[in-house]
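Trainee: I have a model open and would like to learn how to read it. Could you walk me through a few features?

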Amino acid sequence: MRNRVRYWCGGIPWLDPVGYTPDREPNDRREEAQPIRLGADTTGLLGYVSRNERDTEDWFRVDTGAEGVLSVSVAAQESLRITLRLFDAEGRSLRASTGGSTSSRDVERTELPAGVYFIRVARSGGQGGYTVRPVFTPAPSAASR
Ligand SMILES: [Ca+2]
């Protein structure tokens, strides 16, 4: 994707992340997680400075409603490096993809009970837009009930 310099913010050129609708802030903590839809793309921005503070993490929540497999994919612009973590409703870490430096991450967890889960996308470097997509596949036993 092509970026162009839109304006400067604190001496840093602000790249215009074309096509990425900003996530809803505040969402820097689990308690502020933005609800998103399963099976749909949600876009966000990380690494930009607002009110002298750089945005370094975004939290999202999904509600599966059944037992099954939850997969989460995040694809960011090359200018943004990210990590990805999946948490349960109590804030316990279920899966993480944090090694190395990359712009795309995937985590998956099987045999998850029905419930609310949290997704944390965090900046490890740079700035830019990203797309997060949670996909839920109900367990065969759950689908037939
Ligand atoms: Ca944020």
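This is a predicted model: local features need pLDDT of at least 70, side-chain atom pairs count only at pLDDT 80 or more; totals for chains, interfaces and linings use all residues.

Trainee: How should I think about a nonpolar core, and which residues touch the most other members here?

Mentor: In soluble globular proteins, nonpolar side chains tend to be buried together. Here the largest nonpolar core has 21 residues, and those touching the most other members are Val72, Val74, Ile82, Ile119, Val121, Tyr130 and Val132. Two or more core residues come from each of strand 4 (42-46), strand 7 (57-63), strand 8 (68-76), strand 9 (80-87), strand 12 (116-126) and strand 13 (128-138). Strand 9 supplies the largest share, five residues.

Trainee: What is Val132 in contact with, leaving aside neighbours within four places in sequence?

Mentor: Its partners are Thr42, Gly44, Phe60, Val72, Val74, Ile119 and Val121.

Trainee: Now the backbone. Which residues other than glycine have a positive phi?

Mentor: Look at Asn52, with phi near 65°, and Glu111, with phi near 50°. Asn52 sits in the loop between strand 5 (49-50) and strand 6 (53-54), whereas Glu111 lies in strand 11 (residues 104-112).

Trainee: Why does Asn52 count as exposed?

Mentor: Count C-beta atoms: Asn52 is exposed because it has 6 C-beta neighbours inside 10 Å. Glu111 is exposed too, with 8 other C-beta atoms within 10 Å.

Technical notes:
Residues are numbered from 1 along each chain as its sequence is written. Helices (H or I, at least four residues) and strands (E, at least two) are DSSP runs, numbered from the N terminus. A residue is buried if 20 or more other C-beta atoms lie within 10 Å of its own, exposed if 12 or fewer, and partly exposed in between; C-beta atoms are placed from the backbone. A nonpolar core is a set of buried Ala, Val, Leu, Ile, Met, Phe, Trp, Tyr and Cys residues joined through C-beta atoms within 7 Å. Two residues are in contact if their C-beta atoms, placed from the backbone, lie within 7 Å.
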